[in-house]
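Have the model open as you read.

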Amino acid sequence: MPNHVRLELWLIAVLLPAIALFAFWFVPLSIDAPQGFGADSEISPRFAPYLLSTLMAAAMIGRFIQIGLALVRGTLDQFIDDLTDELGTAEETKRGGVLNFAVNLYAFALIPILGFYVASVCLTTYLVRRLGEKRLWMSVFIAVAAAAFTYFLFEQLLSVRLPDGLLGDALEG
């Protein structure tokens, strides 16, 4: 068995119980759900952590099955070793770093200050421009349309309030 596959199996063996611990111990202990999970009026505050935990666990179990099938077929040596193979250029690495910075700025600075919708328009405009749209007005239009869709879906249809930020709190009173 290749070393990189063995390392991946060890990561799954460590992370899968950690996710179970997070979902079954930390979330119920730290996130109050006064009306219980799946209340009729709105989505429980525990919904997002449970959804993410489920998706992460499903991805790891799926990868475990994929490795197991490759082992049975004898094709385990064909898995790419992304620890030693050159998979990306320096430019791609730089772009990834900039994107990570932008997303963290969005999550930890822009949303708390500007609120979810204004911050989302800023981030989406930036991302659409990075994807190659040259016309600024089109990038802003796409960002506003995405924010409006999110507003109608969450605020109106699902009755889930997204963060207003300091700007929204100041405008409210």
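## Helices H1 and H2

In this predicted model, helix H1 spans residues 3–30 and helix H2 spans residues 47–73; their axes come within 10 Å and cross at roughly 155°. Angles over 145 degrees count as roughly antiparallel, so H1 is roughly antiparallel to H2. The crossing in which H1 passes H2 is left-handed.

Sorted by class, the contact of H1 with H2 holds 18 nonpolar residues, one polar residue and two charged residues.

## Helices H3 and H4

Next along is the pair formed by helix H3 (residues 90–114) and helix H4 (residues 116–130), which pack at an angle of about 160° with their axes 8 Å apart. That angle makes H3 roughly antiparallel to H4. Here H3 passes H4 in a right-handed crossing.

On the H3 side, the contact is made by Arg95, Val98, Leu99, Ala102, Tyr106, Leu110, Ile111 and Leu114. H4 answers with Phe116, Val118, Ala119, Ser120, Cys122, Leu123, Tyr126, Leu127 and Arg130. By class, the contact of H3 with H4 has 14 nonpolar residues, along with one polar and two charged residues.

## Thr125 in helix H4

Staying with H4, let us pick out Thr125, which has its place in this helix. Is Thr125 buried or exposed? Its relative accessible area is 13%, and buried means under 20%, so Thr125 is buried.

Which residues does Thr125 contact, leaving aside its neighbours within four places in sequence? They are Leu136, Ser139, Val140 and Ala143.

## Tyr151 and its contacts

Tyr151 is found in helix H5, which covers residues 136–157. With a relative accessibility of 33%, Tyr151 counts as partly exposed. Not counting residues up to four places away in sequence, Tyr151 touches Tyr117 and Gln156. Tyr151 and Tyr117 are 34 residues apart in sequence, and their C-alpha atoms are 7.8 Å apart in space.

## Aromatic pairs and a cluster

A pair of aromatic rings is described by the distance of the centres and the angle of the planes. The count for this model comes to four aromatic pairs. In one of them, the rings of Tyr117 and Tyr151 have centres 5.8 Å apart and planes at 75°, so the pair is edge-to-face. This pair links distant parts of the chain, with Tyr117 in helix H4 and Tyr151 in helix H5.

Tyr151 also pairs with Phe152, and this pair is edge-to-face, at 5.3 Å centre to centre with 70° between the planes. Phe152 counts as exposed, at 52% relative accessibility, whereas Tyr151 is partly exposed. To close the tour, which residues form one aromatic cluster? The members are Phe116, Tyr117, Tyr151 and Phe152.

Methods:
Residues are numbered from 1 along each chain as its sequence is written. This is a predicted model: local features need pLDDT of at least 70, side-chain atom pairs count only at pLDDT 80 or more; totals for chains, interfaces and linings use all residues. Side-chain values use heavy atoms; hydrogens and water are left out. Axes are lines fitted to C-alpha atoms, for helices over the stretch in contact, and angles run from 0 to 180 degrees between N-to-C directions. Helices (H or I, at least four residues) and strands (E, at least two) are DSSP runs, numbered from the N terminus. Angles under 35 degrees count as roughly parallel, over 145 as roughly antiparallel, 65 to 115 as roughly perpendicular and the rest as oblique. A crossing is left-handed if the near helix is turned anticlockwise from the far one by less than a right angle, and right-handed if clockwise. Ala, Val, Leu, Ile, Met, Phe, Trp, Tyr, Cys and Pro count as nonpolar, Asp, Glu, Lys and Arg as charged, and the others, Gly among them, as polar. Contact means heavy atoms within 4.5 Å. Buried means under 20% relative accessible area, exposed over 50%, partly exposed in between (1.4 Å probe, protein chains only). Rings of Phe, Tyr and Trp (its six-membered ring) pair if their centres lie within 6.5 Å; planes under 30 degrees apart count as stacked, over 60 as edge-to-face and the rest as tilted.
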